[in-house]
Amino acid sequence: MKSKVTYFCTACGNETPRWQGRCPACGAWNTIEECKTAPAASSARRTGLPQGSRQPKPLSQVDVSREVRFPTGLGELDRVLGGGAVQDSLVLVAGAPGIGKSTLLLQICSELCRNLRVLYVSGEESETQIKLRAQRLGVTTDNLLLLCETDLSQVLEAAETVKPDVLIADSVQTLCDGENASTPGSVSQVKACTMALMQLAKGSGVTVFVVGHVNKDGAIAGPRVLEHMVDCVLYFEGEAAHNYRILRAVKNRFGSTNEIGVFEMADHGLREVPNPSEMLLSGRPTHAPGTCVACAMEGSRPVLAEVQALVSRTNFNVPRRMADGFDINRAVLLMAVLEKRGGINLAGSDVYINVIGGLQLTEPAADLPVILAAASSFRDKALDSGVAAIGEVGLTGELRAVSHLGQRLSEVHRLGFRCCVIPRQGTSQVQPPEGLEILRVRHIREAIETLL
Ligand code: TYD
Ligand code: MG
C-alpha cells in the first residue's frame, strides 16, 4: 500500500493537505513540513489505546480504582503533575537543549528505583556519560537499567523483556522507527515513536517519560505536534544566564495546568526551590527608581516577583514598547492608560518592562505594579522598597479587585513587606495579616501621587 503524505506545522501541529509557505492555523512562516504516514493497516495498530478496549462500555462500569499515583521524589515535579506521576500515563518533558531535562529525569530515578523497576533509554549519551552524571547526582541504585539505543523496535523489545514500571526515553528526536522512511527527528518519526510509546504505556501499564527538545522558534519537529497525543506536557524553562528553572504543565489530563515547579541548577543537579518568592526577589535593588514588587498566583500558590521598567527618551519616530515576562499588548494598553489617566506623558519615551527571574506574569493583578514601575522610572523616584502592589487596572484608570487577595497578602507579609497597595473597590471584607499595613486606592493617579 502506498504511504500517504500529509503536511504538519512544526510550530502548532496543524495538519494541512498540501505544502504552504504559511501555516493557516498559527500564521507562522516556513514551518510546514512533509510527513509520510504509514499505510492504514499498520497505523491502525498504532493507536494509543490497547487492543480490545474498543467495545463501548457504560461509564458506570468503568473501573477507576486503578488510578495509581506514585511520588517521584521531587515535590515540585509531583505538584506540577497534579500530586505524583500516574501509572500508565505518558508524560512529555519538553524544553530547550541544555536546560536540564536529562538531569531532572535521571535525578528522579533514585527515588523511583526504591520500589519500581526503571528502564532509562538514552539515544543521546553513552553508558559511561550517564553513569558519570548519575554519580554526580548521587543516584546509586541497582534497580536502574540503562539502554543506549535509538532503534524503536529494540527499545520496545527491551521493555517487553525487562517489564519496567517506568520507562524514560531521552529523547524522542533521537528515536527511530525502522518502518518509517523519514529521518529521525522529523515530524512523522517523532509522531510514530510517541504513538508506539503511548501504546506501551496504555497497553502494558508502563509509566513513560519522554524528553522532547524544542528550540526558541520551534524549528525542530517537536513537542508542539505531540501535545494532543500525550497525557501530560511539561515545559522546562529558564534562561541560560540564570540557574533558575521553571517547570510548567501545559497540558495535564490528571491535574491542573496552573501549577509551576521551581528548581535551581546546582553543582549536584537540580535543587528544589520551595520558596520561589524569596528566590525571585533576591538581589532586588533597593531605593532604585523603576521597580515594583508584584504578587501573582501561580496555580494554588502566591508568588512575589519584581517588575522593572525603564522609561527613557526615544530616538525613534514611534516610541518603542518592549516587555519581557509580561504580555506586550497588555503593556502597551497599560502605558496608554498611564498616559491618559495617570497624567504621565509617555509620548516621547520608550518603555521597557521586564519581570525578573524568568517568570511570566499573565495575571491582571500585575497591572498596578507595571504602572507603578513605569511611573517611578519616569519620575526617576524610587518607591519605598517595603511596599508591594496588587491590582487590576481598568481603562478609566480605576483599580479593580483580584482573586485570592487574602493569600496574596499573607505572602507579602511573610516576605517582610511593610505595606501593600490594593484596590479599594471590592476589598472591604479583606482582613490583612497583623503587622501589614494596607493602602486602599481607587485610581492609578491616587496610587502614583501617594507613593511617588
Ligand atoms: P541536561 O540535563 O543535559 O540538559 P538537557 O537534557 O535538557 O539537554 O543539562 C545540562 C546542563 O546542566 C549542563 O549545561 C550542565 C548543567 N548541570 C549542572 O549545572 N549541574 C549538574 O549537576 C548537572 C548534571 C548538569
Ligand atoms: Mg539531555
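A389 stands opposite V421 of β22 in this predicted model. Strands β19 (residues 387–389) and β22 (residues 419–423) are paired in the parallel sense over three bridges; pairing requires at least two bridges found by DSSP. Helices (H or I, at least four residues) and strands (E, at least two) are DSSP runs numbered from the N terminus.

Both strands belong to an open sheet of seven, in the order β17-β18-β16-β15-β19-β22-β23, with mixed pairing. β17 (321–324) and β23 (437–441) each have a single partner strand, so one side of each lacks a neighbour in the sheet. From one strand to the next the twist averages 25°.

Helix α10 (residues 367–379) packs on this sheet and touches β15, β16, β18, β19 and β22, contact being heavy atoms within 4.5 Å. The direction of α10 makes about 30° with that of β16; axes are lines fitted to C-alpha atoms, for helices over the stretch in contact, and angles run from 0 to 180 degrees between N-to-C directions. Helix α12 (residues 444–451) lies across β19, β22 and β23, at about 135° to β23.

An α-helix has 3.6 residues a turn, so residues three or four places apart point the same way. G138 follows α4 with a positive phi near 75°.

Residues are numbered from 1 along each chain as its sequence is written, while chains are lettered from A and ligands numbered from 1 in the order in which they are written. Local features need pLDDT of at least 70 and side-chain atom pairs count only at pLDDT 80 or more, while totals for chains, interfaces and linings use all residues; side-chain values use heavy atoms, leaving out hydrogens and water.
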